[in-house]
Amino acid sequence: MPKIKPIKDLRNTIDISKECHESNEPIFITKNGYQDMVIMSDEYYESIINKHDNNINKEYISAPKRYNPKEMSDCFGYVKCASTTINTKVGDVEHNLNEIIKNLELAYKENVKILVFPELTLTGYSCRDLFYSNSLQEQTLKAIKKLKTISKKYPLLFFVGAPIFKNNGIYNCALAFYNGEILGVSAKTHLPTYNEFYESRQFIPSPKYYDTITINGEELPFGNKLLYKDERYPSLIIGCEICEDVWVPNNPSLDMSLTGATLIVNLSASNEIVGKSNYRESLISSTSAREICGYVYCSAGEGESTTDVVYSGHNIIAENGRIIAQSELFKNSMTIGVIDINKLCNDRRRMSTFKERQDDRFALIGFDMPLDNNVNLDISPNPFLVSDEVKAKKRYRNIIKMQASGLKSRFIAAHSKTLVLGLSGGLDSTLALLVAKECMSQLNMDPKNVIAITLPAFGTSSRTHDNALKLADALGVTFKEINVKESVLLHLKDIQHDVDNHNTTYENAQARERTQVLMDYANDVNGLMVGTGDLSELCLGWTTYNGDHMSMYGVNASIPKTLVQALVRTYADDHIEAKEVLYDILDTPISPELLPLKNGEIEQKTEDKVGPYELVDFFIYYYLRRNFSLKKIVFLAKQAYKDKYDEEAIKKWLRVFIKRFYASQFKRSCLPDGVKIGSVSISPRGDLRMPSDASCESLLKELD
């Protein structure tokens with residue numbers, strides 16, 4: 001029996017609220033015998049709403065799943081996509097159909113797999129009240145029928161825009177064609193009615209849930225809850241939205257991406273005004289980044305009505321925040337770009353806050369399209385570097401400031417008075433010294449508080465020794481020399497090691513002695529001992545355990561060797577007083593200088609043992625940052641170094657890298673603190689949690 005109270009009891013709202021929460025039942029308020037008012041707790045209200053929503057959803061969870069997996073394509077995840085702006089004639093369906101067919105032929109010749117046309121392709125976007133014409137609709141249906149037949153000829157999935165009648169309304173639609181079929185009909189969700197737009201005059205928005213529509217006697221999936229999944233490459237799942245849908249806060253592609261879509265296509269007719277192209281580019285870029293997806297955007301261009309506005313044909317292809325291709329404004333053309341679905345999936349897996357979900361409102365529509373890796377990719381041989389010289393200089397200067405900022409914070413926290421580092425005259429210690437000098441600058445302290453110590457031993461060359469001295473003098477830091485030959489010889493004698501036996505013990509004894517001297521000296525001068533080892537060496541294990549592997553703070557721990565070179569070169573160009581010596585250091589062969597010289601020259605060259613550092617850094621980026629298979633890494637390296645290294649050399653050095661990387665994890669498990677700079681870090685406290693005894697045998701078999 002319901003609880004009924006007179007309206008006068010509302011004066012005691014606290015008591016009524018308490019009773020509602022304790023009983024979790026509604027209370028009916030009566031006045032003159034009528035029960036028109038109900039008071040209930042928020043918990044009870046939520047239960048009613050949830051029950052209501054669940055009942056609504058139950059009506060729509062039967063969206064079909066037409067998907068039958070086939071033998072998987074060996075494509076490495078690459079999908080060649082294109083957006084193409086046709087030379088539209090407003091209201092001339094036959095002309096526009098012919099333009100579509102011309103572009104299909106062109107896309108086919110370019111081996112395009114996904115092709116996107118502009119909004120309302122068949123009629124033109126700017127028909128306005130002509131959309132009401134029965135003749136225009138009949139012509140559109142005939143053109144759709146022809147396109148369905150023609151699609152058998154072209155093994156690519158393409159999206160064409162058209163106005164479609166359903167019941168008493170017109171929908172702004174995108175039809176997906178593949179292999180003689182219309183897979184589905186996506187409808188525009190958000191109809192702009194502001195400024196120059198008045199779409200709600202002609203169109204009605206997409207239904208909220210999966211529906212069907214009949215076109216030329218065929219019942220087809222319809223709405224904004226359609227996803228197209230490749231039965232040959234199941235990670236390729238395509239969602240479609242139309243123009244304004246991407247400009248709103250709750251864009252449909254967000255639900256599509258969270259339900260599994262890795263590629264979003266957008267058929268658009270975005271007019272051009274001053275500054276809009278920059279905003280549009282930023283919008284597509286940020287949408288692809290937020291949703292970790294590929295985004296293919298196609299806009300109408302010249303040929304649309306210019307009664308009040310102009311259209312620029314701005315086509316954009318983006319991948320996780322990066323614009324990989326876009327068109328020139330006011331030039332109807334085809335824009336082609338290759339999207340890496342494999343990379344997108346890896347990024348989503350790493351991003352634990354990207355929560356995919358099952359959403360039964362979406363129809364899953366399969367299509368059987370084999371993909372291939374017959375793509376020409378512009379792969380940089382130096383993935384850690386910036387190709388644009390102006391942008392590169394700016395980034396490299398900021399990196400040194402970032403390193404120095406991290407060192408400054410540790411310096412202050414440790415209540416240190418000086419910075420101490422070993423200066424060999426090689427690249428890594430040079431960069432560490434530049435960072436230490438910048439740190440003193442940020443602290444407004446005398447650079448003399450940086451103490452650079454050179455520690456010559458059996459393999460030290462006069463070139464590196466002299467360069468260390470010249471560099472310290474040019475930078476105005478304190479310079480000291482401590483020769484460790486005698487102490488190393490004494491140590492070798494103590495452990496009964498033959499001094500003529502130049503094995504690992506002979507080399508490591510020097511590295512550990514140097515670290516001991518630096519640590520103890522730092523203690524003596526209230527200093528912070530700065531580590532110099534870089535990311536490439538740490539990945540390769542090209543460090544002496546408890547030798548140069550150890551420090552009080554490592555400033556180069558996430559800087560790969562190729563980037564070390566770029567940073568030093570940038571600093572040299574900015575500082576004339578140190579330019580000559582820095583360029584000589586850059587030209588010096590990379591060596592640990594632990595073996596005796598031959599005729600006074602460096603005999604021990606690191607790259608003879610571990611491979612060219614540009615290859616090492618290439619492997620680091622694609623194995624650690626992208627998590628690619630070794631097969632795919634070889635494929636990319638062959639494209640990046642096609643004129644420099646053959647497949648045999650690439651496989652040889654990749655094998656060396658994998659074996660050394662796995663065998664050296666125990667060194668990385670106890671790395672000292674160091675600042676993270678780029679997207680790749682191997683700190684055991686941050687980005688790399690890996691067992692020290694993992695096996696790489698299966699990887700090496702894959703490589704073979």
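Here are some questions and answers about a predicted model of one protein chain.

User: Hello! How many helices and strands are there in the protein chain?
Analyst: Welcome! This is a predicted model, where local features need pLDDT of at least 70, side-chain atom pairs count only at pLDDT 80 or more, and totals for chains, interfaces and linings use all residues. Residues are numbered from 1 along each chain as its sequence is written, and side-chain values use heavy atoms, leaving out hydrogens and water. With helices taken as DSSP runs of H or I (at least four residues) and strands as runs of E (at least two), numbered from the N terminus, the protein chain has 21 helices and 26 strands.

User: What share of the residues of the protein chain count as buried?
Analyst: Buried means under 20% relative accessible area, exposed over 50%, and partly exposed in between, using a 1.4 Å probe and protein chains only. Of the 704 residues in the protein chain, the buried share is 54%.

User: Where is Asn-332 found?
Analyst: Strand 19 covers 322–326 and strand 20 covers 334–340. Asn-332 sits in the loop between strand 19 and strand 20.

User: Does Asn-332 count as buried or exposed?
Analyst: The relative accessibility of Asn-332 is 19%. The limit for buried is under 20%, so Asn-332 counts as buried.

User: Which backbone oxygens does the side chain of Asn-332 reach?
Analyst: A polar contact here is a pair of N or O atoms within 3.5 Å; within protein, one must be able to donate a hydrogen and the other to accept it, and residues adjacent in sequence count only if both atoms are side-chain atoms. At 3.2 Å, the side chain of Asn-332 reaches the backbone oxygen of Ile-86. At 3.0 Å, it reaches the backbone oxygen of Glu-302.

User: Which residues is Asn-332 in contact with, leaving aside its neighbours within four places in sequence?
Analyst: Contact means heavy atoms within 4.5 Å. Ile-86 and Glu-302 are on the list.

User: How do the residues of the lining of the second largest cavity divide by class?
Analyst: Ala, Val, Leu, Ile, Met, Phe, Trp, Tyr, Cys and Pro count as nonpolar, Asp, Glu, Lys and Arg as charged, and the others, Gly among them, as polar. The lining includes Ala-557, Ser-558 and Arg-685. By class, it holds 5 nonpolar, 4 polar and 2 charged residues.

Key. On a 1 Å grid over the protein atoms alone, a cavity is a set of points where a 1.4 Å probe fits but cannot get out, and a pocket is an open set with protein on both sides within 12 Å along at least five of seven lines; lining residues have an atom within 4 Å of a point.
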